[in-house]
Amino acid sequence: MSIGCVYIPPEKSKYASKDAFEEIEREMVTLRDDEQLCSLIGDFNARTGTLLDFVVPDENLVEVLDENLNDEITDFLYDYQNLISLKIPLKRCSEDKMRPNTQGYKLVEFCKRNNLYITGGRTGSDKGIGKATTNDNSLIDYFIVSSNLFKYIEEYEIIPFDALYSDVHNHLHGTLTTEVNIAEKEKNHIKEVNKMD
């Protein structure tokens, strides 16, 4: 599983980069594992409102291309259905009522290209809410994951603002759980011990 921490400067900042999402995408592609388990968390300075972060393929186009579609392409096109099977809402909620900004549009396009989904407003105690992530009621901090990671999200919440931890940002809290194969772990440990002898 790949986990990345992200900070994208505000779009009007002197440190802003119009290519920030492309740079993250290039890095992510090199680090992504075979199971396609990927997550990014951080301050994207992106206001997305309730813009869709997935694409529903045009059935007419899929029908025309059907002979040329292999299982891998079909799985990619219909990845959003993993959310449906896990009972994760396709539509997100957001308390941020401002119009999406340029970074917001770039973030949802980034999600669409990479089959990544915004967890806020969809999971944990934030399900159906989409709490603001700053003390000025904007939602600019995100935890985005591949669809097959939603089943491992045990908790997700936005902790109220505390000046001890940040100047304006609320704390994002999440807990992921996984299954550990003890036998495999012990086997690897034994191999390591034998190498040391």
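Q: Which residues form the nonpolar patch on the surface, and what is their accessible area together?
A: In this predicted model, the nonpolar surface patch consists of M1, I3 and L176. One of these residues, M1, lies in the segment before β1. Taken together, the accessible area of the three residues is about 270 Å².

Q: Is M1 buried or exposed, or does it fall in between?
A: The relative accessible area of M1 is 46%. Buried requires a value under 20% and exposed one over 50%. M1 therefore counts as partly exposed.

Q: Which residues touch G4, leaving aside its neighbours within four places in sequence?
A: G4 is part of strand β1, which covers residues 2–7. Its relative accessibility is 17%, and G4 therefore counts as buried. G4 also lies 8.4 Å from G42, C-alpha to C-alpha, although 38 residues separate the two in sequence. Beyond the excluded neighbours, the contacts of G4 are S39, L40 and I41.

Q: Which residue forms a salt bridge with E25?
A: The N to O distance in this salt bridge is 2.8 Å. The pair links distant parts of the chain, 88 residues apart, with E25 in helix α1 (residues 20–31) and its partner in helix α5 (residues 102–114).

Q: By about how much of the helix are E109 and K112 separated?
A: The side chains of E109 and K112 meet in a salt bridge at 3.3 Å, N to O. E109 is partly exposed at 38% relative accessibility, and K112 is partly exposed at 24%. Because the two are 3 residues apart in helix α5, their separation is about one helical turn.

Q: How far from D126 is the nearest side chain of opposite charge?
A: D126 sits in the loop between β3 (116–118) and β4 (141–146). Among the residues it touches are G120, G121 and Y156. D126 is buried yet has no salt bridge, a pairing that requires a distance within 4 Å. The nearest side chain of opposite charge belongs to K131, at 5.9 Å.

Technical notes: Residues numbered from 1 in each chain as written. Predicted model: local features only at pLDDT ≥ 70, side-chain atom pairs only at ≥ 80, totals over all residues. Heavy atoms only, no water. Helix = DSSP H or I, 4+ residues; strand = E, 2+ residues; numbered from the N terminus. Buried < 20%, exposed > 50% of the residue type's maximum accessible area, 1.4 Å probe, protein only. Lys, Arg positive; Asp, Glu negative; His and termini not counted. Contact = heavy atoms within 4.5 Å. Patch = residues over 30% accessible without salt bridge, like charges linked within 9 Å, V, L, I, M, F, W, Y side chains within 5 Å. Areas by Shrake-Rupley, 256 points an atom, 1.4 Å probe, with all protein chains shown as cover.
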